[in-house]
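Biologist: Could you walk me through this one slowly, starting with whatever you would look at yourself?
Modeller: Gladly, here it is.

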Amino acid sequence: MVIGLLVRGGLVASAVYYTNKVGIWSDSEQTEKLYNNVKSELCPYVQKAKKQLPFDVPQLPNTGEMRFLAKHYYNEGVKGSIRFVHMLPCYAGRGLKKVKDTFEDFAKSPAITGSQEAVNPAAKQ
């Protein structure tokens with residue numbers, strides 16, 4: 001468990017370090033230049049893969065679309081986080097009520113299972 005956590009943490013840290021080193025987190029012009037560079041480098045490989053695949057591969061989105069999608073999904077993530085924080089008292093209240101009800105069920109005396117009806121069904125008549 002600890003080793004897995006360390007490996008995942010190392011992968012995340014190295015990914016952040018590498019993306020910072022190549023300029024993804026710098027100004028938008030640098031990021032756009034990097035995106036266009038990667039897109040032009042991948043183009044021959046994508047063309048080669050298109051010839052071998054039995055279906056059409058969609059074009060990579062242009063920079064404007066990427067910007068729009070990045071903003072959209074970032075905003076959706078922020079909205080979801082704010083919604084969760086807003087509902088946190090409700091979630092906590094429901095959780096505490098379930099815990100309280102569970103402890104109350106444990107505190108009740110158990111039902112009598114050896115009643116007369118269960119032992120002798122003829123006594124019911």
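**A bend in a helix**

Modeller: Helix α3 bends by about 50° at Met87, and a proline, Pro89, follows within four residues. The bend at a residue is the angle between axes fitted to the seven residues ending there and the seven starting there. Please keep in mind that this is a predicted model, where local features need pLDDT of at least 70 and side-chain atom pairs count only at pLDDT 80 or more, while totals for chains, interfaces and linings use all residues. Residues are numbered from 1 along each chain as its sequence is written, and side-chain values use heavy atoms, with hydrogens and water left out.

Biologist: OK, and how many residues does helix α3 have?
Modeller: Helix α3, residues 63-107, has 45 residues and reaches 63 Å from its first C-alpha to its last, close to the 66 Å expected at 1.5 Å a residue. The expected span is 1.5 Å times one less than the number of residues.

Biologist: What else is there, how many helices and strands?
Modeller: The protein has four helices and zero strands, counting DSSP runs numbered from the N terminus (helices are H or I, at least four residues; strands are E, at least two).

Biologist: Which rings make the aromatic pair?
Modeller: The structure holds one aromatic pair. The rings of Phe84 and Tyr91 have their centres 5.9 Å apart and their planes at 35°, so the pair is tilted. Rings of Phe, Tyr and Trp (its six-membered ring) pair if their centres lie within 6.5 Å, and planes under 30 degrees apart count as stacked, over 60 as edge-to-face and the rest as tilted.

Biologist: Is Phe84 buried, partly exposed or exposed?
Modeller: Phe84 counts as partly exposed because its relative accessibility is 45%, where buried means under 20% relative accessible area, exposed over 50%, and partly exposed in between (1.4 Å probe, protein chains only). Tyr91 is also partly exposed, at 38%.

Biologist: Switching topic, what does Glu32 form with Arg67?
Modeller: Glu32 forms a salt bridge with Arg67, and their closest N and O atoms are 2.8 Å apart. Glu32 lies in helix α2 (residues 28-52) and Arg67 in helix α3, so the pair ties together parts that are 35 residues apart in sequence. A salt bridge is a side-chain nitrogen of Lys or Arg within 4 Å of a carboxyl oxygen of Asp or Glu.

Biologist: And where do Lys97 and Asp101 lie?
Modeller: Both are in helix α3, four residues apart, about one turn of the helix, and their side chains meet in a salt bridge at 2.9 Å, N to O.
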